Amino acid sequence: KLDGVRILAQKRGDVVRLWYRSGRECTGSYPEVARAVRALPADAALLDGEIVAFDEQGKPSFERVARRIHRTRADFRHAVTDVPVVYMAFDLIGVGDVSLIGTPLRERKRLLSELIAGKGVVRVLDHLEGSGEPLLEFCRQNELEGVVAKRADGPYRPGPKRSGDWIKTKCEKQALFAVVGYGEGEKGRRIGALDLAT
């Protein structure tokens, strides 16, 4: 599970469109991703994935990608260099004029790997088969968000509604904090906000 922004990417000829999970189009926010999807070797494709910005340690950083989400139109020309992003595709919903919704995940992932080669702006999010415990432990040790486990023979299920075909396991983050101060309260409250330190 990457700490990014879920995006559907559609290519039809030379036209590429990107959408957030809410259905709001965001093609203009990620021009480098749109260009890379346009360059894929298929006349048409529909991908599901996440746009991710990596920090200095190479870890996904939601704080960084959030700076791209909230850019104004005037800021877009600097966005590509200020906050570079990668589109990590994890599913192929359709290719050409063929819908893959009913195709098992294992086969969709194989086709996705054939469509996307290399480590450019658009990449395939790889997977492991079998037990996910070693990967979950790796995520815990490296302070990553967690893992998503999916049924290898499951179909693609569109929409926000969850099914039993996949589960998400997040790595819980914990830290110790000390209260080092407080702010004055408003409207008769004695304490407003707490100042914390770690």
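Reply: Start with a term. A residue is buried under 20% relative accessible area, exposed over 50%, and partly exposed in between. Keep in mind that this is a predicted model.

Now the first pair. R157 has a relative accessible area of 44%, so R157 is partly exposed. R157 forms a salt bridge with D165. The closest N and O atoms of R157 and D165 are 2.8 Å apart. D165 has 15% relative accessibility, so D165 counts as buried.

Next, look along a helix. R110 forms a salt bridge with E107. Their closest N and O atoms are 2.5 Å apart. R110 and E107 are three residues apart in helix α4, residues 105–115, so about one helical turn separates them. How much of each is open to the outside? R110 has 39% relative accessibility and counts as partly exposed. E107 is partly exposed too, with a relative accessible area of 29%.

Go on to R17. R17 forms a salt bridge with E25, and the closest N and O atoms are 2.8 Å apart. R17 is partly exposed, at 34% relative accessibility. E25 is partly exposed, at 38%.

A polar contact of 2.9 Å joins the side chain of E25 to the side chain of T27. Where does T27 sit? T27 is in the loop between β2 (15–20) and α1 (31–38). At 16% relative accessibility, T27 falls under the 20% cut-off, so T27 counts as buried. The side chain of T27 reaches the backbone nitrogen of L18 at 2.8 Å. Set aside the neighbours of T27 within four places in sequence, and T27 is in contact with V16, R17, L18 and A34. R17, the salt-bridge partner of E25, is therefore one of the residues that T27 contacts.

Now the nonpolar surroundings. In soluble globular proteins, nonpolar side chains tend to be buried together. Here the largest nonpolar core has 31 residues. Within this core, I7, Y30 and Y87 touch the most other members. Several elements give two or more residues to this core, including β2, α1 and α4. α1 gives the most, with four residues. Helix α4 is where R110 and E107 sit.

Not counting residues up to four places away in sequence, Y87 touches I7, L8, A9, V33, L47, D48, G49, E50, I51, V121, V122 and R123. A second, separate core has five residues, among them L136, C139, V147 and C171.

Finish at the surface. F177, V179, Y182, I191, L194 and L196 form a nonpolar patch there. Together they have about 650 Å² of accessible area. β9 (178–184) and β10 (191–197) each give two or more residues to the patch. β10 supplies the largest share, three residues. L194 lies in strand β10.

Note on methods
Residues numbered from 1 in each chain as written. Predicted model: local features only at pLDDT ≥ 70, side-chain atom pairs only at ≥ 80, totals over all residues. Heavy atoms only, no water. Patch = residues over 30% accessible without salt bridge, like charges linked within 9 Å, V, L, I, M, F, W, Y side chains within 5 Å. Areas by Shrake-Rupley, 256 points an atom, 1.4 Å probe, with all protein chains shown as cover. Salt bridge = Lys/Arg side-chain N within 4 Å of Asp/Glu carboxyl O. Buried < 20%, exposed > 50% of the residue type's maximum accessible area, 1.4 Å probe, protein only. Polar contact = N/O pair within 3.5 Å; in protein donor to acceptor, adjacent residues only side chain to side chain. Contact = heavy atoms within 4.5 Å. Core = buried A, V, L, I, M, F, W, Y, C linked by side-chain atoms within 4.5 Å.
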